[in-house]
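The sequence and the structure are shown first.

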Amino acid sequence: MSDACGELRYTITAAHTRRWVDEALEREMRRDDALAERLGGMQQRAVLPMLILLPACGVGWLLIHRGATPETWMTLALAALLLVPAWRVVRPFTARLRRTMAQQQTDSTAGGRPVRRALAELTLTTRFKRLQGDYRVHFDAQGMQVARAGQRSALLRWSDVVHVRETEAFLVVASTSLHRRGQAYWIPKHSAAMDPEVYREGMQGLLGHCRAAAATV
């Protein structure tokens, strides 16, 4: 583990949170679309079992209410003889019903998508807006402390780090508890709150600690 220590100061801006909202919104909409597609597929696959289940229920009803009499067995035999030609008639109907259900599912999903997207965007915007503000990160050989202006600092020891990821603009670091909740510290790789060269050097020191911590996971 590196002995480097230092401090970074940065601001999470509206532009940052807007980018996070857009990325999270696309993931959420893809997840909703996939769920709607799975549910629609389940409904379409249920058509054939239901057509088989209904005659079976009729047989059960006859046996329970009329008993296993000769008349009952004759009725069942006649029904069985009629089942094959009836199935030939029903089978094309089943295919058309599935196609109709698939089209209705597509239309319903497309029609409700703008509303679902607007609600999801409002929720995400509200959630991420709370993260806007000025931050300070102090790091040394033991870990890093992240403090937001006006709030108490949070300590993250390198031994607790289980997730480290770099994007084009951010260093993403999380402990076990944060990663389990889908949360992390997002630290910008560039900041207007410090001299660019000083911030770059500090970021390199922080990256060294984070990469070393990730290598021990």
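This is a predicted model: local features need pLDDT of at least 70, side-chain atom pairs count only at pLDDT 80 or more; totals for chains, interfaces and linings use all residues.

An open sheet is built from 3 strands, ordered β5-β6-β7, with antiparallel pairing. Because β5 (161-166) and β7 (185-188) each have a single partner strand, they form the edges, and one side of each is left without a neighbour in the sheet. From one strand to the next, the twist averages 20 degrees. In a regular strand, side chains alternate between the two faces of the sheet.

A further antiparallel pairing links strand β3 (residues 143-148) with strand β4 (residues 154-157) through 4 bridges. Here Val146 lies opposite Ala154 of β4. The two strands, β3 and β4, make up a hairpin in which 5 residues separate them. The turn of this hairpin contains Gly150, whose phi is positive, at about 85 degrees.

For the protein, the mean pLDDT is 81, and 67% of the residues reach 70 or more. Among the elements, strand β2 (residues 133-139) has the highest mean pLDDT, 95. The lowest mean pLDDT, 62, belongs to helix α2 (residues 47-66). That value for helix α2 can be set against the pLDDT of at least 70 that local features need.

Conventions:
Residues are numbered from 1 along each chain as its sequence is written. Side-chain values use heavy atoms; hydrogens and water are left out. pLDDT is the predictor's confidence in each residue, from 0 to 100. Two strands pair if DSSP finds at least two bridges between them. Axes are lines fitted to C-alpha atoms, for helices over the stretch in contact, and angles run from 0 to 180 degrees between N-to-C directions.
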